[in-house]
Amino acid sequence: MEGFDINWLALIAAAASSLVVGFIWYGPLFGKAWMKESGMTEEKIKGGNMALIFGLSFVFGLFLAFSMWAQVLVGGGGGEIHGQAPYLTFKHGAFHGILMGLFVILPILGTIALYEHKSIKYVLIAVGYWTVTLAIMGGILNAWV
C-alpha cells in the first residue's frame, strides 16, 4: 500500500453498507423488537425528516469508514504493518470490525443504556447492528485496496 492512498470508492461503499445493513437489521430482522425496546412508534418514524436522517447517517458512515480504514490498513503492531499481504482479506477487515463493535461500541452504548434505563435486549440489538456493520465495513475496506 504505497503512501497509504485512500480508496474513496471503498470508503463510499463501506459507508453505504451501513444503510443497507440498517435497512435489513431495523426492518425485517429486528424492527418490531427495536421499536418496542426503544419506545419508537410508527407515528414518530413518519414524523421524522428521512432525507436528513439518511443523509447524516451516510456522513456518519463515512466517518466510521475512515476510522475503519485507519484500523485495517494503517494499523498493526509488532513490526506487522497492515495494508499488505497477508492482511488484505475481507476476513481480516471483518475481524477488526468485530473488535471495534465489542471493545468500542458495546462499552459506549452499554453505558448510555444504563443511564437511560434501556433493556439488555435494546443494547444487544444496537450493538449487534454496529458490530455487523463495522465487520462489513472493515471487510470492504480491507479487501478493496
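Select helix α4 (residues 50-74) together with helix α6 (residues 120-143): their axes come within 9 Å and cross at roughly 60°. Axes here are lines fitted to C-alpha atoms, for helices over the stretch in contact, and angles run from 0 to 180 degrees between N-to-C directions. α4 and α6 are therefore oblique to each other; angles under 35 degrees count as roughly parallel, over 145 as roughly antiparallel, 65 to 115 as roughly perpendicular and the rest as oblique. In passing α6, α4 makes a right-handed crossing. A crossing is right-handed if the near helix is turned clockwise from the far one by less than a right angle, and left-handed if anticlockwise.

The model is predicted: local features need pLDDT of at least 70 and side-chain atom pairs count only at pLDDT 80 or more, whereas totals for chains, interfaces and linings use all residues. Residues are numbered from 1 along each chain as its sequence is written, and side-chain values use heavy atoms, with hydrogens and water left out.

At what angle do α4 and α5 pack? The angle is about 120°, and the axes are 10 Å apart. α4 and α5 are therefore oblique to each other, and their crossing is right-handed.

Now display the whole chain as a cartoon. The protein has six helices and two strands, in the order α-α-α-α-β-β-α-α from the N terminus on. Helices (H or I, at least four residues) and strands (E, at least two) are DSSP runs, numbered from the N terminus. The C-alpha trace spans about 50 × 30 × 25 Å along its principal axes. Of the 145 residues, 32% are buried; buried means under 20% relative accessible area, exposed over 50% and partly exposed in between, with a 1.4 Å probe and protein chains only.

Next, select F103 in helix α5 (residues 90-116). Is F103 buried or exposed? F103 is exposed, because its relative accessible area is 61%.

Proceed to the loop between α5 and α6, where H117 is placed. H117 has a phi near 60°, a positive value in a residue other than glycine. Its relative accessibility is 72%, so H117 counts as exposed. S119 is found in the loop between α5 and α6 as well and is partly exposed, at 26%. Draw a distance from S119 to S38: their C-alpha atoms are separated by 8.7 Å, although the residues are 81 apart along the chain.

Move to helix α2 (residues 31-38) and select K36. K36 counts as exposed because its relative accessibility is 66%.

Finish at Q84, in the loop between β2 (80-81) and α5. With 40% relative accessibility, Q84 counts as partly exposed.
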